[in-house]
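Trainee: I am new to this structure and would like to understand its charged residues. May we go through them one at a time?

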Amino acid sequence: MSYAAGEALVLALLRGMTEFDASNSSRQKWKVLNSGASDHYAIVRPGPFSNEPSGLGETASTDWRTVIEVWQRWLDDGETTIALQELVQAVIERLDGYPTLNDTTGSVVMGYVSGGGEMQERWLTQNGPSWAVWEVYVDWKEERIE
């Protein structure tokens, strides 16, 4: 397995939700935000990772992080942030149900939402925020035979 394959698993789980599909989620394609397809989006991207041998060098493991950026179009101060909070909670609950990220190869031995960043407002003009975004961190361990 590779990082890209694990990231694809995370995206597939997101697209299995009622809130996200191919029109409002992507892998590292931020242009989707300007598509007009939705008022909310999920974009997955790589985070930091660590790699180490395990055992007597016959196996190795990599601890990967996939970052899910959950975006909500800014409409109103209270409504926008509450909608974003609800989306993030739905993402957490969805991923909690798949401790191996739905991997069928046996490579992912553990996957979970480990935390997230601070909610941020993103301005495109000086008239106020255009988007609210909140990062969700998905940490997953891959084990493989060398």
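**Charged residues in the predicted model**

Trainee: Which residue forms a salt bridge with Lys141?

Mentor: This is a predicted model. The closest N and O atoms of the pair are 2.7 Å apart, and a salt bridge requires such atoms within 4 Å. The partner of Lys141 is Asp63.

Trainee: How many residues apart in sequence are Lys141 and Asp63?

Mentor: Lys141 lies in strand β7 (residues 128–145), whereas Asp63 lies in strand β4 (residues 59–73). The pair therefore ties together parts of the chain whose separation in sequence is 78 residues.

Trainee: Asp139 forms a salt bridge with Arg65. Is Asp139 buried or exposed?

Mentor: The closest N and O atoms of Asp139 and Arg65 are 2.7 Å apart. The pair links distant parts of the chain, with Asp139 in strand β7 and Arg65 in strand β4. Arg65, at 22% relative accessibility, counts as partly exposed. Asp139 has a relative accessibility of 15%; because buried means under 20%, Asp139 counts as buried.

Trainee: What is the relative accessibility of Glu142, which forms a salt bridge with Arg144?

Mentor: In this salt bridge the closest N and O atoms are 3.9 Å apart. Arg144 is partly exposed at 26%. Glu142, by contrast, counts as buried, with a relative accessibility of 2%.

Trainee: Where is Asp77 placed?

Mentor: Asp77 gathers with Asp76, Glu79 and Glu121 in a patch of negative charge on the surface. Asp77 is exposed, its relative accessible area being 54%. Its place is in helix α2 (residues 77–96).

Key
Residues numbered from 1 in each chain as written. Predicted model: local features only at pLDDT ≥ 70, side-chain atom pairs only at ≥ 80, totals over all residues. Heavy atoms only, no water. Patch = residues over 30% accessible without salt bridge, like charges linked within 9 Å, V, L, I, M, F, W, Y side chains within 5 Å. Areas by Shrake-Rupley, 256 points an atom, 1.4 Å probe, with all protein chains shown as cover. Salt bridge = Lys/Arg side-chain N within 4 Å of Asp/Glu carboxyl O. Lys, Arg positive; Asp, Glu negative; His and termini not counted. Charge placed at Lys NZ, Arg CZ, Asp CG, Glu CD. Helix = DSSP H or I, 4+ residues; strand = E, 2+ residues; numbered from the N terminus. Buried < 20%, exposed > 50% of the residue type's maximum accessible area, 1.4 Å probe, protein only.
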